[in-house]
Amino acid sequence: MAKIIGDNLPNIPWQDPTGNDPVWRYSANPIIDRNPIPNVTRVFNSAVVPFKGGFAGVFRAETKNGIPYLYFGKSDDGIHFTFSNERIVFHTKDGDAYKFEYAYDPRVVKVEDTYYVIWCDGQHGLPVLALGKTTDFEHFDLVSHPFLPFNRNGVLFPKKINGKFYLLSRPSDNGHTPFGDIYLSESPDLVYWGNHSRLMERGYEWWQGLKIGAGCAPIETSEGWLLFYHGATMTCNGYVYSMGAVLLDKEDPRKVKYRCGNFVLTPETEYETVGFVPNVIFPCSALTDAATGRIAIYYGGADTYVGLAFTTVDKIIDYIVKFKR
């Protein structure tokens, strides 16, 4: 029986399944609707982590001038959030406030006693990964920009492996790239990165044939690292983003053990198919409870909403293996 390796989270958001699907939606989705913050029209593609008995998050917020920035939110139950009305400020090593061009699609990963925030940052109009940190979600520091433009979908592993940090990313271009594979890089200090290698390429399955990108921080299990990711395809009516799942080797995450050929969630509901960008499911974070094996996944819907979905470590790993490529 597969087990989650990590902390217990007795107050994890949860709803029992109503069918046989490997991942199921929260019946009260979306948990974050339009216009949740003054001067913000949409919140989506955001990251939530346990914090001080409740939950904290860094959220992608599209302001009413059309520019995305990062906002802080907190919750007692992981479902109902209150937000700061002001954008998150990151401080440089000189103590100055970092000047954003834009910021979007954050991930938050706790490594030891520090929460690391990874997002797509704008530099001279070009998309590049940025890495920041906090211990209290009140003061945020800029650590580095790990890679040259163009890059997106940076996801840090939640622990060092053989004394090194590991980071997933997707090298791309300035637009909707026709090439889009997941790469893995390593670092001794979160500043200098190397040993870059391609971890996963686009799939031959229609739903992930255009590009893929890492989603939630990898989840450590007894069977390996469980990674939820997004896969995109192009249709006659535009892009469709679905959620996939893969199991990586526990000791060497550069090795793919099992990759599911089926999507585990695809746009079907109105808040996923209708919005600013229709037909998008974009996973960014997951909560886990080691005691029960429960997993709660936060995902963006149609670049407009935040949705919540659930699975268990046994159910999802069994599905990955059963429908492996």
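Reply: A nonpolar core is a set of buried Ala, Val, Leu, Ile, Met, Phe, Trp, Tyr and Cys residues joined through side-chain atoms within 4.5 Å. The model is predicted: local features need pLDDT of at least 70, side-chain atom pairs count only at pLDDT 80 or more, and totals for chains, interfaces and linings use all residues. Residues are numbered from 1 along each chain as its sequence is written, and side-chain values use heavy atoms, with hydrogens and water left out.

Me: Which residues touch the most other members of the largest nonpolar core?

Reply: They are Ile31, Phe90, Trp119 and Phe137, in a core of 44 residues. Strand β2 (residues 40–51) contributes the most to this core, namely 6 residues; strands (E, at least two residues) are DSSP runs, numbered from the N terminus.

Me: Why is Phe137 called buried?

Reply: Buried means under 20% relative accessible area, exposed over 50%, and partly exposed in between (1.4 Å probe, protein chains only). Phe137 has 5% relative accessibility and therefore counts as buried. Phe137 lies in the loop between β9 (126–134) and β10.

Me: Why does Asp105 count as buried?

Reply: The relative accessible area of Asp105 is 9%, so Asp105 is buried. Its place is in strand β7 (residues 103–111).

Me: Which omega goes with the cis peptide bond from Asn29 to Pro30?

Reply: Omega is near -5° for that bond.

Technical notes: Helices (H or I, at least four residues) and strands (E, at least two) are DSSP runs, numbered from the N terminus.
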